[in-house]
Amino acid sequence: DLRSFSINNLAKRYYDFPKHNKHVRKLALLLFEQLAPLHNYGNWEKDLLAQAAIVHDIGMTINYYDHHKQGQMLIMGSALAGFSHREQVIISLLVRYHRKGKPNALGLESVLEAKDMERVNKLAALLRLAEYLERSKAQRVQGLRCHVADNYLQIEVLADDDVSVEIKEAILHSDLLAMAYGVQVEIVLGH
């Protein structure tokens with residue numbers, strides 16, 4: 001798999017915490033799958049989200065506080081075999097907005113297609129929530145259950161350990177999810 005090989009090499013080259021990265025990917029993909037009725041995306045978007053999750057923190061090698069910006073620059077400056085320019089731009093934008101901010105094309109519109117910024121908003125929201133649900137970098141959140149009803153989304157966090165920090169951080173950073181999907185978001189501890 002040339003694409004995964006390229007992404008994994010990029011992670012190893014800069015800042016690789018495999019357990020954390022894989023857990024963020026797992027949580028992001030759980031959200032992706034359970035929110036499929038809201039986004040209607042397929043395997044292509046799922047793969048871009050999964051690849052972005054593996055390299056979301058690579059900018060830490062340059063600057064902790066702006067690692068989301070540095071990560072985008074590292075991705076844009078890398079030769080990622082197996083990815084089109086458009087895919088590389090989308091992954092870089094997902095990394096850029098995995099922490100904060102409202103996604104913006106940042107002058108890359110000429111590479112993107114009509115619905116790509118909507119796509120970036122929706123996928124970045126999932127990556128951001130997954131990142132904050134893995135805030136302790138200790139893989140405490142074991143699973144998620146999403147309940148969707150009329151403009152409302154409840155996310156049950158499944159865990160055996162204390163995940164109060166993760167839930168608090170996820171709630172604080174759920175604004176992009178609410179905006180991108182047009183839902184009121186509630187994040188609770190599951191039973």
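**Entry 1: the sheet**

In which sense do strand β2 (residues 152–158) and β3 pair, and over how many bridges? I looked this up first, keeping in mind that I am reading a predicted model. I found β2 and β3 paired in the parallel sense, with six bridges between them. For one bridge I noted the residues: Y152 has Q184 in β3 as its partner.

Next I stepped back to the whole sheet. I see an open sheet of three strands, ordered β1-β2-β3, and its pairing is mixed. The edges belong to β1 (143–149) and β3 (184–189); each has a single partner strand, so one side of each is left without a neighbour in the sheet. From one strand to the next I noted an average twist of 20°.

I also asked myself which strands helix α2 (residues 18–34) touches. My note says β1 and β2, as α2 packs on the sheet. The direction of α2 makes about 25° with that of β1.

**Entry 2: helix α6**

Then I turned to helix α6 (residues 85–96) and checked its length. With 12 residues at 1.5 Å a residue, α6 should span 16 Å, and I found its end C-alpha atoms 16 Å apart, which agrees.

How many residues of α6 are buried? I noted 11 of 12, so I wrote α6 down as mostly covered. Among the buried ones are R86, I90, L93 and L94. I looked for what covers the buried residues of α6, and the cover includes α1 (2–14), α4 (43–55), α5 (67–76) and α7 (116–133).

**Entry 3: α6 against α7**

Two packed helices are described by the angle between their axes and the distance between the axes, so I looked up both. The axes of α6 and α7 come within 9 Å and cross at roughly 45°. I noted the crossing of α6 and α7 as right-handed.

Which residues meet here? From α6 I listed R86, I90, L93 and L94; in α7 they meet D116, M117, R119, V120, L123, A124 and L127.

**Entry 4: helix α5**

Last, I checked one of the helices that cover α6, namely α5. Seven of the 10 residues of α5 are buried, so the rest of the structure largely encloses it. I wrote down H67, H68, Q70, G71, Q72, L74 and I75 as buried. These buried residues of α5 pack against α1, α4 and α6.

Definitions and conventions:
Residues numbered from 1 in each chain as written. Predicted model: local features only at pLDDT ≥ 70, side-chain atom pairs only at ≥ 80, totals over all residues. Heavy atoms only, no water. Helix = DSSP H or I, 4+ residues; strand = E, 2+ residues; numbered from the N terminus. Expected span 1.5 Å × (residues − 1). Buried < 20%, exposed > 50% of the residue type's maximum accessible area, 1.4 Å probe, protein only. Contact = heavy atoms within 4.5 Å. Pairing = 2+ DSSP bridges. Axes fitted to C-alpha atoms, helices over the stretch in contact; angles between N-to-C directions. Left-handed = near helix turned anticlockwise from the far one by under 90°.
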